[in-house]
Amino acid sequence: MKRHEAKIPFFLIWRFTTRSNKWTLGLTIFLMGVAFINLVFMTSLFNGIIEGSNDQIINTYVGNVEIGPSDHLDTITHASDVAAIARRTDTVTGVSAQMEVPATMKFGTIELSRSVVAVDPDQETMVTNMSKHMVEGSYLQKDDTDGIMIGIQLAGGPDVELNMSSLKGVHAGDNVQLTAGAVTKEFTVRGIYNTKFMNGDSRAFITQQALATLMPSLNDQATIIIVKTEKKDDERKVIDALKINGVTGTFTTWVDYAGVMKSVTKSFLSINVLMSFVAIMIAAITIFIVIYIDITDKRRQIGILRAIGIKPWIIRMAYVLQSAVYSFFGVLIGTGLFFGVIVPYFVAHPFALPIADVTLIIDPADFIIRAESIMLVALVSGLIPAIFVTRMKILNAILGK
Amino acid sequence: MSDVSSIISATNLNKTYHLGEVKVCALQDVSLDINAGDFVVITGRNGAGKSTLMHNLAVLDRPDSGEIIINGNDVTKMTKEQRTELRLRHLGYIFQEYALIAELSALENVMLPAMMLGPTRVARAKAQQLLMTFGLQHHMDHLPSQLSGGQQQKLAIARALINDPVLLFADEPTANLDSVAAHEVLEIFQRLNNDGGHTIVMVTHEPEETAYANRLVQLVDGRIVSDERRRA
């Protein structure tokens with residue numbers, strides 16, 4: 001390559017881009033943007049589903065870390081002390097001691113054996129978000145001694161998935177009879193919540209004060225203490241800190257509870273890989289066709305350039321650069337549309353899936369890889385037809401044969 | 001056949017096109033020497049092989065057999081890269097349909113081949129000079145589509161001249177021009193030949209255009225049937 005030749009591809013691409021038909025240019029770039037959005041959308045949807053289901057486990061069920069009693073014990077004694085230690089731990093944002101007791105619940109003629117969970121409602125809101133998903137009535141008050149809060153799957157109703165094994169239509173204000181140990185007591189349903197997480201929505205909650213009226217011996221005891229951290233991935237650090245601070249017992253994380261969702265997540269990851277491959281292929285073919293048509297349309301021009309002595313590599317470089325410009329601005333426009341329009345739309349109107357309301361979540365590294373993929377595909381798509389046309393006989397290119 | 005004073009010496013050129021199962025012999029044992037300073041007009045009926053001959057002489061195509069010596073070098077044996085370099089440095093082309101780059105201004109079209117060989121400012125200055133010579137100084141920033149046919153062909157001539165070629169090839173350069181513009185273009189060729197000493201090879205259909213040349217080569221069915229020097 002000679003010194004003066006290197007500037008020619010840039011000279012040509014600048015003129016070709018700035019002086020070509022603006023509509024064609026705009027449409028080409030827009031198509032690149034759409035191809036990019038297609039590539040990003042599916043993966044962000046899958047990420048959203050996976051994140052959504054993970055968040056459901058954390059926010060409605062077990063927090064990030066669950067402290068259980070030591071193996072030989074049924075409960076954690078001095079639960080308030082353990083909770084206090086946990087609260088003082090770095091990155092912990094909420095701690096709630098839960099005392100789960102087996103009980104019998106009776107509503108009309110329906111009688112179910114279900115556990116009831118006693119909590120401090122104020123502390124519970126620091127870990128789980130049931131208080132934000134009340135569909136009837138209101139959340140429990142701390143000093144409520146005869147109120148109960150029930151998940152939608154336990155309350156039941158004609159549209160409820162687990163209606164068969166529910167109280168079949170309990171509403172806020174109804175009374176249910178609760179028997180725990182040897183004590184039976186009437187409780188008024190204060191509220192019904194629906195988090196869309198079936199495991200969580202099959203439970204019933206009362207306050208610790210209410211439990212004290214049923215089973216005073218369980219005072220300051222907990223079957224589990226759930227801990228919320230600032231972000232996922234802090235779990236190991238928190239568990240280590242709790243152990244250092246003398247907390248004994250069993251420690252599990254939300255990941256251990258993912259259970260079925262793990263295999264769903266695994267399936268989603270496999271589908272995601274497959275869909276990404278298909279999306280890349282669609283993007284590649286779309287971009288290839290767009291650039292191929294563009295270059296084929298300029299076949300005569302390329303023939304002329306060759307006839308006047310412009311070297312083939314310069315012509316190829318010009319069209320590869322043109323593809324780079326198309327794809328760069330396509331990615332920019334795609335990014336703008338994705339984050340400016342599509343993501344905000346789905347934040348405002350999430351996909352209402354049975355497991356959670358799902359929004360689009362994109363991993364920055366993944367986003368960059370996909371942007372690079374589009375650009376790489378565009379470069380190859382520009383290079384192949386450019387090689388093809390620059391290998392044609394000059395006269396065939398000029399005369400359109 | 002090769003002559004030491006020849007700028008081009010073509011010997012026994014053959015070229016056959018295959019149109020499906022039909023073979024068309026476009027050139028049959030054509031030999032031709034062109035000397036420096038010649039203004040050669042190649043004429044013939046449609047399909048006589050005149051454009052094929054010019055394309056082969058102009059290194060835009062390769063003959064099936066035969067040799068073409070330009071400035072002492074056998075161009076039929078050159079690599080693609082060498083032929084590209086030869087076209088850039090030593091040959092100039094004027095096509096029937098102007099063959100300008102639509103997205104480049106008049107000035108940029110002319111300066112492009114010179115940019116391959118030197119600094120942009122030198123190429124620009126040279127292109128400006130040429131455009132002034134052809135009376136296009138007020139159209140330097142115009143795109144080809146904003147120029148008349150005659151102006152576009154003058155632009156093509158200016159581009160062909162930018163790297164000071166030893167040979168100019170023109171393939172029916174007036175075919176798309178009105179008579180006034182055609183006359184202007186032919187006058188330019190004659191001036192380039194007479195005053196500038198450029199060697200010109202031009203293909204034409206028009207009998208009256210042969211008057212501008214000092215040598216007339218006539219082809220029939222891919223063979224040279226006459227080669228007439230018209231004046232010294």
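A pocket here is an open set of points on a 1 Å grid over the protein atoms alone, with protein on both sides within 12 Å along at least five of seven lines. A cavity, by contrast, is a set of points where a 1.4 Å probe fits but cannot get out, and for both kinds a lining residue has an atom within 4 Å of a point. Grid points are joined across faces, edges and corners, and volume means the space filled by probe spheres set on the points.

This is a predicted model, in which local features need pLDDT of at least 70 and side-chain atom pairs count only at pLDDT 80 or more, while totals for chains, interfaces and linings use all residues. Residues are numbered from 1 along each chain as its sequence is written, chains are lettered from A and ligands numbered from 1 in the order in which they are written, and side-chain values use heavy atoms, with hydrogens and water left out.

I start with the largest pocket, which has a volume of about 720 Å³. It has 27 lining residues, and those closest to its centre are A:Leu399, A:Lys401, B:Ser51, B:Thr52 and B:His55. Two or more lining residues come from each of helix H13 (394-399) of chain A and, in chain B, strand E1 (6-19), strand E2 (22-35) and helix H1 (50-57). Helices (H or I, at least four residues) and strands (E, at least two) are DSSP runs, numbered from the N terminus.

E1(B) and E2(B) run antiparallel, joined by 10 bridges; strands count as paired if DSSP finds at least two bridges between them. One bridge pairs B:Lys15 with B:Leu27 in E2(B). The hairpin has two residues between the strands, and B:Gly20 takes a positive phi near 65° there.

Next, the second largest pocket, at about 470 Å³. Of its 21 lining residues, A:Arg306, A:Ile394, B:Lys80, B:Thr84 and B:Arg87 lie nearest the centre. H2(B) gives the most to this lining, seven residues. By class, the lining has six nonpolar, three polar and 12 charged residues. Asp, Glu, Lys and Arg count as charged; Ala, Val, Leu, Ile, Met, Phe, Trp, Tyr, Cys and Pro as nonpolar; the others, Gly among them, as polar.

How many cavities of 30 Å³ or more are there? The count is one, and the largest cavity holds about 90 Å³. Nearest its centre, among 14 lining residues, are A:Ile308, B:Leu91, B:Gly92, B:Arg159 and B:Ala160.
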